[in-house]
Amino acid sequence: MKVTRKVPCDDCRHKCDIYDASMLTGRLLPDTKIIQAQFKKHEKICKQGDNVSHALYLIEGTAKLYIEGITRHNIILYLMKPPAYIGLLSFFESIHYTYSVTAIEDSKVCMVDLDFLKELYLENHEVLLKLNKAFGKSVALIMNKIICLNQKNIRGRIAESLLYLARFYGSERYMLPVTRKELGEMSAISEENTVRLLTELRQEGIINIEGRELSIIDSVLLKKISDLG
């Protein structure tokens, strides 16, 4: 992590929910309560088990949120792109992070003092609604992941992950933001089975993949595979 040059919130081009809420309440955002930091690709933004001291707000880049399992068998719960809160589950539930977040490309994060955010949360109706909405979105993504991993076979799970990435990027043609191993971690599948399933889907004409560029050729059939799992 590299702490970047202090940029006053008034001059920052990323006007987050926290800034908007503080303006509505007439409260100034003290410089001592805000840290802006840059994270390189593959660098951890927060680590499972560490104390929660700040609310994290992703303003540039992309990151993955995952559970660190034993023997390095991780499960990626979902990806994040700006604007996105990081750590809301721990903000509401625990003083320790119950998951890790790692940048999958160079990213920038605003770190807001947790006590200051809690004061805004209690004082301002808009902050309460926006944080609750973001929290609900996180829970919904995790619930969908649990259903997918519990009820679908490996072919259905990899299909679901490819469709999820298409929704994430808003296109059926995208550059894979993760490695084959990480794609397996999104689907609770080994790297070897991930490579095999991608090859099968390509040979069946459902997807095309060249290097890291993936195109969904038959989205109807891929969705059917995901649904029937």
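Because the model is predicted, local features are reported only at pLDDT of at least 70 and side-chain atom pairs only at pLDDT 80 or more, whereas totals for chains, interfaces and linings use all residues. Residues are numbered from 1 along each chain as its sequence is written, and side-chain values use heavy atoms, with hydrogens and water left out.

The chain has eight helices and twelve strands, where helices (H or I, at least four residues) and strands (E, at least two) are DSSP runs numbered from the N terminus. Of its 229 residues, 46% count as buried; buried means under 20% relative accessible area, exposed means over 50%, and partly exposed lies in between, with a 1.4 Å probe and protein chains only. Among the contacts with a separation of 6 or more, 71% are made by residues 24 or more positions apart, a contact being heavy atoms within 4.5 Å.

The largest nonpolar core holds 68 residues, of which Ile45, Met80, Ile86, Val101, Leu162 and Leu214 touch the most other members. Such a core is a set of buried Ala, Val, Leu, Ile, Met, Phe, Trp, Tyr and Cys residues joined through side-chain atoms within 4.5 Å. Its largest share, eight residues, comes from helix 5. Leaving aside residues up to four places away in sequence, Val101 touches Lys44, Ile45, Cys46, Ala63, Lys64, Leu65, Tyr66, Met80 and Ile86.

Helix packing comes next. Two packed helices are described by the angle between their axes and the distance between the axes. Helix 5 and helix 6 pack at an angle of about 110°, with their axes 9 Å apart; the axes are lines fitted to C-alpha atoms, for helices over the stretch in contact, and angles run from 0 to 180 degrees between N-to-C directions. The two helices are therefore roughly perpendicular to each other, given that angles under 35 degrees count as roughly parallel, over 145 as roughly antiparallel, 65 to 115 as roughly perpendicular and the rest as oblique. On the helix 5 side the meeting residues are Arg157, Ile158, Ser161, Leu162, Tyr164 and Leu165, and on the helix 6 side they are Leu183, Met186 and Ser187.

Helix 3 (residues 114–123) and helix 4 (residues 125–151) have axes that come within 5 Å and cross at roughly 110°, which makes helix 3 roughly perpendicular to helix 4. Leu117, Leu120, Tyr121 and Glu123 of helix 3 make this contact with His125, Val127, Leu128, Leu131 and Asn132 of helix 4. The buried residues of helix 3 are Leu114, Phe116, Leu117, Leu120 and Tyr121, and seen down the helix axis they fall within an arc of 160°, so they line one face of the helix; the arc is that of the directions from the helix axis to the C-beta atoms. The face turned away from this buried side carries the exposed residues Asp115 and Leu122.

In helix 7 the buried residues are Thr194, Leu197, Leu198 and Leu201, and they fall within an arc of 100° seen down the axis, so they too line one face. An α-helix has 3.6 residues a turn, so residues three or four places apart point the same way. These buried residues of helix 7 pack against helix 5 (154–169), helix 6 (180–187), strand 11 (207–210), strand 12 (213–216) and helix 8 (219–228), while Glu192 and Gln203 are exposed on the other side.

Just after helix 7, Gly205 takes a positive phi of about 75°, in the loop between helix 7 and strand 11. With a relative accessible area of 35%, Gly205 is partly exposed.

Most residues other than glycine have a negative phi, and most peptide bonds are trans. His42, although not a glycine, has a positive phi of about 80°; it sits in the loop between strand 2 (34–39) and strand 3 (44–46) and counts as exposed at 55% relative accessibility. Ala188, likewise not a glycine, has a positive phi of about 55°, lies in the loop between helix 6 and helix 7, and counts as partly exposed at 38% relative accessibility. Finally, a cis peptide bond with omega of about -10° joins Pro82 and Pro83, and Pro83 is found in the loop between strand 6 (75–80) and strand 7 (84–86).
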